[in-house]
Amino acid sequence: MKKFLIVLIVIVALIIGGGVALLSSVNPLLVKAVNTYGPELTQTAVHLDKADISFLDGKGTLQGLTIGNPAGFKGQNAFTLDTIYAELDTGTLTDDVVVIRQIDMVAPRITYERTLKGDNIQTLIRNIKASTQSGKTGESGQQQAAKAGSTRIVISELIIRDGSISVILPGIDKPIDLALPEIRLKNIGDDNNQTTIADVAVLVLQHVSNAVLRSATLKDGNPETILRDAGSSISGKLNNVTQQFGNIFGK
């Protein structure tokens, strides 16, 4: 996002020879871009605490990323990630397509919340798709979000590992805690060079959604077992809730 500003800073740094000092200003710019355009894209609260990317070798971290729940859901955040490791191909910063060698998301904490009207992850997906198509609305914030989300990228490898899921379902007193299976995607956008930041966000969210559904039936495919192991207090309503749980997860 805001790629043209990053490129400008890099070029100026090289021209005047003050590379290290000026390159250090890119990280606050990245934080500002995420915190400014992230909420426009997701239509939720988005906050990044810190970026520490070296634009000399392209390696570094993003720290303290939170993505809020959409309107209509109880939990405060849908995603919380303490650390994301990243490696950019800095030689592509001035190209039409930016290459990211690796994104490694470590130990994300995900809240999957289902209501009678839908779930929070699919709602986030719809929000992102709507935001990137909103340039025709005339609202400057949405136009800028659409532009930021349309930057074309290629990601050689994207990893989500050691994650946890808190599942919130209607009719169940407390969340069900599950482990998130590792997600490993390769060569995203490499086939057509048309993948955007928004496309990647939707792709990741869809894989997370699929992983949640897989996790919910890992034990023996029986939602009643999961409910019983979670210690849910649903006396007298187990059959109805179990059937609802099964319908939600396609069983």
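**Salt bridges and core of a predicted model**

The side chains of R161 and D162 form a salt bridge, 3.4 Å from N to O; the term requires a side-chain nitrogen of Lys or Arg within 4 Å of a carboxyl oxygen of Asp or Glu. This is a predicted model, in which local features need pLDDT of at least 70 and side-chain atom pairs count only at pLDDT 80 or more, while totals for chains, interfaces and linings use all residues. Residues are numbered from 1 along each chain as its sequence is written, and side-chain values use heavy atoms, with hydrogens and water left out.

R161 also meets D104 in a salt bridge, at 2.9 Å from N to O. D104 lies in strand β4 and R161 in strand β7 (residues 153-161), so the pair ties together parts 57 residues apart in sequence; strands (E, at least two residues) and helices (H or I, at least four) are DSSP runs, numbered from the N terminus. D104 is buried at 8% relative accessibility, R161 is partly exposed at 25% and D162 is exposed at 56%. Buried means under 20% relative accessible area, exposed over 50%, and partly exposed in between (1.4 Å probe, protein chains only).

The largest nonpolar core has 51 residues, of which F79, I155, L158, I160 and V208 touch the most other members. Such a core is a set of buried Ala, Val, Leu, Ile, Met, Phe, Trp, Tyr and Cys residues joined through side-chain atoms within 4.5 Å.

Average pLDDT, the predictor's confidence in each residue from 0 to 100, is 78 for the chain.
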